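Please consult the sequence and the model while reading.

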Amino acid sequence: QVQLVESGGGLMQAGGSLRLSCAASGRTISGEIVAWFRQAPGKEREFVAVINWSGGTTEYADSVKGRFTIARDNAKNTVYLQMNSLTPDDTAVYYCAVQGGLAYYTAISLDGASYNWWGQGTQVTVSS
């Protein structure tokens, strides 16, 4: 089992930056694909960013490309989401998730249904 705890959310003015952290415990996630998803009020959960086990492969939703950066520190068992140039449309609860499957060999999925472990989420609110 993997336990995931997100942190770093908060209230920010448009144009500002936040860095979210996703700390894993229970076992190492160094061989796992990890993604960030978000869910705004009244909307479905959507993919934000994903990173493979080495950090060498990342993918982003078009809405955040060029503004958000996903990174990982396997020594700390933590994945980060640096969010710059925030807009009110970025307001949502942000969740990190671990895909699972055969470590180091699983292909990246952008579908939340492929992810086996989820954190409790952290609220990000961006004011205009």
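Q: Is Asp89 buried or exposed?
A: This is a predicted model, in which local features need pLDDT of at least 70, side-chain atom pairs count only at pLDDT 80 or more, and totals for chains, interfaces and linings use all residues. Residues are numbered from 1 along each chain as its sequence is written, and side-chain values use heavy atoms, with hydrogens and water left out. Asp89 is found in the loop between β8 (78-83) and β9 (92-98), where strands are DSSP runs of E with at least two residues, numbered from the N terminus. Buried means under 20% relative accessible area, exposed over 50% and partly exposed in between (1.4 Å probe, protein chains only); because its relative accessibility is 67%, Asp89 counts as exposed.

Q: Are Cys22 and Cys96 buried or exposed?
A: Cys22 has a relative accessible area of 0%. Cys96 likewise has a relative accessibility of 0%. Therefore Cys22 is buried, and Cys96 counts as buried.

Q: With which side chain does the side chain of Ser30 make a polar contact?
A: Ser30 has its place in the loop between β3 and β4 (34-39). A polar contact is a pair of N or O atoms within 3.5 Å; within protein, one must be able to donate a hydrogen and the other to accept it, and residues adjacent in sequence count only if both atoms are side-chain atoms. At 3.0 Å, the partner of the Ser30 side chain is the side chain of Thr28.

Q: Why is the pair of Phe37 and Phe47 edge-to-face?
A: The structure holds five aromatic pairs; rings of Phe, Tyr and Trp (its six-membered ring) pair if their centres lie within 6.5 Å, and planes under 30 degrees apart count as stacked, over 60 as edge-to-face and the rest as tilted. The ring centres of Phe37 and Phe47 are 5.9 Å apart, and the pair is edge-to-face because the planes are at 75°.

Terms used: Helix = DSSP H or I, 4+ residues; strand = E, 2+ residues; numbered from the N terminus.
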